[in-house]
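Have the sequence and the model open side by side.

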Amino acid sequence: RKSLQESLEAGNGNLFLEDVLIITAEEKNGNMRYYPIELWEREIDTFGKKIEQGTTETVGELDHPDSTIINLKNGSHIFRNVWWEGKNVKANIEILCAPGIKGNASGRILGSYLSNGLAVGFSTRGLGSLEQRGEIMEVQDDFSFLTCDAVSNPSNFGSWSKINESKQNIIHNQYSKVNNIITEILCSRGFCSCEIK
């Protein structure tokens with residue numbers, strides 16, 4: 001699993017969210033839908049293979065679109081890893097927020113919310129039929145998982161993520177190092193009147 005620290009040290013510039021809960025199987029969600037675990041096992045296995053292949057099918061968008069197609073110009077994040085913990089599926093997610101070609105507009109918007117301490121939700125997107133079972137709608141075997149988008153109100157309870165304080169400090173420390181290097185260069189050329197600490 002690639003960490004935020006490793007990303008910063010590599011000079012990537014993108015944010016990494018680790019251990020993000022994206023799916024809980026066999027529990028009623030906020031949309032009153034129920035997903036059997038066998039269905040999610042099949043779909044997550046397929047999605048994991050797409051991650052290994054490095055396809056654009058592992059991109060998520062900022063907000064759920066009306067379309068069932070992943071619109072790459074609205075992509076804000078990439079799934080780097082998914083795994084099971086009991087009935088939960090967790091993920092490591094790279095936010096495309098770096099300047100230049102490493103990031104994009106949607107990724108920078110998402111990254112700005114996270115960097116300002118806000119929690120962002122992640123919500124699955126897929127196609128399939130539903131069958132009424134009492135008060136819930138059970139998702140049927142024809143379901144196909146497309147991706148997971150960044151949203152303001154996820155249907156899966158607990159599918160929120162934010163940068164914790166220690167990770168924010170990593171970012172600030174990284175900028176401090178850059179500022180110190182720039183100050184050193186300027187001072188060595190006579191453009192600095194302050195003492196380097």
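In helix H3 (residues 105-115), the buried residues include Ser 106, Gly 107, Leu 110, Gly 111 and Leu 114; buried means under 20% relative accessible area, exposed over 50% and partly exposed in between, with a 1.4 Å probe and protein chains only. These residues cover an arc of only 130° around the axis, so they sit on the same side of H3. The arc is taken from the directions that run from the helix axis to the C-beta atoms. An α-helix has 3.6 residues a turn, so residues three or four places apart point the same way.

This is a predicted model, in which local features need pLDDT of at least 70 and side-chain atom pairs count only at pLDDT 80 or more, while totals for chains, interfaces and linings use all residues. Residues are numbered from 1 along each chain as its sequence is written, and side-chain values use heavy atoms, with hydrogens and water left out. Helices (H or I, at least four residues) and strands (E, at least two) are DSSP runs, numbered from the N terminus.

After H3 comes Gly 117, with a positive phi near 85°.

Helix H2 (residues 37-53) has 17 residues and reaches 24 Å from its first C-alpha to its last, close to the 24 Å expected at 1.5 Å a residue; the expected span is 1.5 Å times one less than the number of residues. Among its buried residues are Ile 37, Trp 40, Ile 44, Phe 47 and Ile 51. Seen down the axis, the buried residues of H2 fall within an arc of 155°, so they line one face of the helix. Glu 38, Glu 52 and Gln 53, on the other side of H2, are exposed. Just after H2, Gly 54 has a positive phi of about 70°.

The open sheet has four strands in the order S1-S5-S4-S3, with antiparallel pairing; two strands pair if DSSP finds at least two bridges between them. S1 and strand S3 (59-61) stand at the edges with a single partner strand each, so one side of each is left without a neighbour in the sheet. S3 and S4 pair over three bridges, and Val 59 has Ile 78 in S4 as its bridge partner.

H2 lies across S1, S4 and S5 and runs at about 125° to S4. H3 also packs on the sheet, touching S1, S4 and S5, and its direction makes about 60° with that of S4. Contact means heavy atoms within 4.5 Å; axes are lines fitted to C-alpha atoms, for helices over the stretch in contact, and angles run from 0 to 180 degrees between N-to-C directions.
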